[in-house]
Amino acid sequence: MKTWMIGTAILAIAAGTTHAQAQSGNTALRTVAADAAAEGSAEAGAESDASGDATGSEDIVVTGTATHFANTRVTPEMIERQSALTSVNDVINELPGVFVSEGDAFGSSDWATQISIRGFTQIGTTIDGLPNGGSGYGGGSKANRYIDVLDLKTVEVSQGTADISSRSNEALGGTLNYLTSDPQDDFRVRLSGAAGDFGAQKFYARVDTGEIAPDTRAYISASHAKAHDWIGGAGKTSRDHLSAKLTSKISNIDLTGFLSYDDADESEFGSVSVASFENDPNHDVYTDTWTGLPYIDQNYRSGSRALRKNLFGYLRGKADLGEVKIALTGYYHRMRGRGDWMPPYIVDVTNDGAGATQSEYAGGSTVYGGSSLGQIYYVTPTGAAATMIAGCTGTAGVPAAYSPTCYADDATAVMSYRHTHYKNDRAGFTADADWTHDFGAFTNTVRAGIWYENIDANQVRDWHKIKNPLLGTAYDAQPYWVQFSVDYDTNEFVYYAQDSVKFGNLTAAFGLKQYFIDQKRQERLVDEPRTRSNSHSDPLISAGLTWTTPLEGLELFAGYAQNFSSIGNGLLGEAQEVIDRIKPETADSIEIGARYSSPRLQASLTAYDIKFDNHIVSISSNLVTGIDYLEEQDSVYLNVGGIRSKGVEAALAYRFPMGLTLSGTYSYNHAVYIGTGNAEQDEDVGITPGVQVSSSPRNMWVLSADYRRSVFKAGLSAKYVGDRFIDDVGGDVAPHYALLNGYIGMDLDRLSDHLSGASVTIQATNLTDKRYLGGGGGGAAFLGAPRTVTASLTLDF
């Protein structure tokens, strides 16, 4: 909170004299927009600026903006093809190089969501240009925790190299910048409802105030959505979301404020092997009927849950002082979450003595810290641990320790409900400035900025006794064991500077960026020394060229950048001697490509080469020499190997005069593992050098057609995903598949002025009801969602 106050104070001081906007540097380069298609080409120096605001019009295809690196943008048609119930993560799935897999058509399982770009899953994510705080399941927050898809403006995707001002410390393989929509110019009340397969329902309302003061507008939106899983129906998911945004202009100061709150309660999907999928493509490892047998019910779908509450807000000021532009932003993020699982036993953490009532079963007390003394599967009528019948082998599918046939008839099965609690509080600020001056023979732009963030995080795991495993999931509110409570404190400071020179049709840019990340870990229940990591990067170089060719509309570009991913919190649980040896992961990215824009045709082609080094892996200590730790370690963490990714991405679209647009993208990605240089270490780590990266298809393509004329609108898209491994050794292959998605609807406001803003749309995903495997890893993958149809009705007042 202290950082938030400092950032706001700085913003308030600056607002008195300046207006902040850090632009992307190549301000004189052109991009052709959809609005210009009917009027001829248009000059547009506006690309997305460092503060995250997008300017310019909508492209007819995802060719991106005028930069020295590849970038693409979600079009309105891509959003239109999505259901009102979908996740904002799914709208990027048609972009070149991007692979998105979710557990269902609504993105209602964080655990089953996987996003990769060019073979990398370490992808930076920003919300209106501000960091999301990480996307991992254990305490992270993906973009769908911040934005409702009905409030989404677009998503800017940098497949390999992001703009130097991008705020992310995990962007080894590209950056996603999700942009929220702005308030409408006029007063409007929008009501929308959607319903569809698998009990899906959504109610959405938004009020745009119009101009409530000079150059001041705002909106507030709210939605409630729910669905059940498509496999058995036992997993219920619900989501409540609130958003508000205000924009204002005071003299030469542009102010933007945004606030969102999201409350999600999700049941999970389970991954399956290729053999299991071939045997039964309609069911995963979870069950949908409560049996009363803990060994079976540990996989009861409704008991594996992710609960997350996210509050996020920012205040941004931008000032235009002529040649100088500056931006200041303060932000705050609060996340409270929980992950659930139901182990088929009670952990014995207190030595109650032979034949005595187990205190963990009796309840009423909590043990803090300590370690497991064993597991209790059944208890006697007095609550003592039951003894298994000697020689019992159990029953089919149920091991002896869990089988009721291996205990006396009066023994009772026991079960736990395990919770892992996540608490994150982030506060930070960003400051950006750029100066552009025309020296006659050339134009020079200097950009610089800083980013500071503090994160206070805590993870707690506690175990609760399920009251009666014969009846259901109800559990004691008081835990019998709090296994651990760990605090993490992170301070991050980043600076960047870039100079770009435009000489005629050629623009050259060179920049530096550096991260200083200080992390600390403290176990609260055990007297252990605090560990820390200084995850500082070397100065990271970026450089590039863009050339506007004599051929009208054709632009060539080339770029090089060093990307960085900080050391994660998980490593801080190791001994300090281990941590001190580890370096942050890095990647070098080279891109070269071309963009072409004309009033009706847009196209792009990019070739890239990315080398990911310093991969952090755990290796058995007996395979490592030359390391002398103060305590014995079963395994050690080292920086070895990585990924080499080479490929080509292409996009093409043509707009016909009669309202039809055809577009397509193609991606070829040769992303393979780099070995450690030691065959035994490779085997221990579980990789095969030269094998395609897990869950990374080598070939993908998308073909789309969109039609809009009079009151009618319709669209159809097909995406092909090639074969891909779901392990790291090249053993298990998930077969290729092609999915067909589409929508059809009517904009009723074109029939009558009394129907202003009214529209009805029917969307369908996986029209052919294809059975396929989605994202995965470790030898298993999640089942792809079946055909899902939803319909929505929108009314404006």
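Author: Start with the surface. A nonpolar patch takes Val, Leu, Ile, Met, Phe, Trp and Tyr residues with over 30% relative accessible area and no salt bridge, their side chains joined within 5 Å. Keep in mind that this is a predicted model.

Reader: Which residues make the nonpolar surface patch here?

Author: Leu605, Val648, Tyr666, Tyr668, Trp701 and Leu703 make it, with an area of about 520 Å². Strands S33 (660–674) and S34 (699–709) each supply at least two of the patch residues.

Reader: What makes Tyr668 partly exposed?

Author: Tyr668 sits in strand S33. Its relative accessible area is 32%. Partly exposed runs between the buried limit, under 20%, and the exposed limit, over 50%. The value of 32% falls between them, so Tyr668 is partly exposed. The patch asks for over 30%, so Tyr668 passes there too.

Reader: Now the disulfide. How do you know that Cys392 and Cys406 are joined by one?

Author: Their sulfur atoms are 1.9 Å apart. The cut-off is 2.5 Å, so the pair counts as a disulfide. A search of the whole structure finds 1 disulfide.

Reader: Which hand does the link of Cys392 and Cys406 have?

Author: The link is left-handed, with -70 degrees about the S-S bond.

Reader: Are Cys392 and Cys406 buried or partly exposed?

Author: Cys392 has 22% relative accessibility. Buried needs under 20%, so Cys392 counts as partly exposed. Cys406 has 0%, so Cys406 is buried.

Reader: What about the salt bridges? How do you know that Glu649 forms one with Arg118?

Author: The closest N and O atoms of Glu649 and Arg118 are 2.9 Å apart. The limit is 4 Å, so the pair qualifies. Side chains of opposite charge can pair when their charged atoms come close. By this rule the count comes to 38 salt bridges.

Reader: Why does the Glu649 and Arg118 pair tie together parts of the chain?

Author: Glu649 lies in strand S32 (642–655) and Arg118 in the loop between S3 and strand S4 (124–127), so the pair links parts that are 531 residues apart in sequence. Glu649 has a relative accessible area of 4%, and Arg118 has 1%. Each value is under 20%, so Glu649 and Arg118 are buried.

Reader: And what makes Asp148 and Lys202 a salt bridge?

Author: Their N to O distance is 2.8 Å. That is within 4 Å, so the label holds. Asp148 lies in the loop between strand S5 (130–131) and S6, and Lys202 in strand S9 (200–209), so this pair ties together parts 54 residues apart in sequence. Asp148, at 1%, counts as buried. Lys202, at 4%, counts as buried.

Reader: Why is the pair of Asp182 and Lys153 called a salt bridge?

Author: The N to O distance is 3.9 Å. The limit is 4 Å, so the pair counts. Asp182 lies in the loop between S7 and strand S8 (187–196) and Lys153 in strand S6, so the pair ties together parts 29 residues apart in sequence. Asp182 is partly exposed, at 36%. Lys153 is partly exposed, at 36%. Elsewhere, salt bridges that share partners join Glu80, Arg708, Lys713 and Asp747 into one network.

Conventions: Residues are numbered from 1 along each chain as its sequence is written. This is a predicted model: local features need pLDDT of at least 70, side-chain atom pairs count only at pLDDT 80 or more; totals for chains, interfaces and linings use all residues. Side-chain values use heavy atoms; hydrogens and water are left out. Buried means under 20% relative accessible area, exposed over 50%, partly exposed in between (1.4 Å probe, protein chains only). Patches are made of residues with over 30% relative accessible area and no salt bridge: like charges are joined within 9 Å, nonpolar side chains (Val, Leu, Ile, Met, Phe, Trp, Tyr) within 5 Å. Accessible areas come from the Shrake-Rupley method with a 1.4 Å probe; for residues, only the protein chains shown count as cover. A salt bridge is a side-chain nitrogen of Lys or Arg within 4 Å of a carboxyl oxygen of Asp or Glu. Helices (H or I, at least four residues) and strands (E, at least two) are DSSP runs, numbered from the N terminus.
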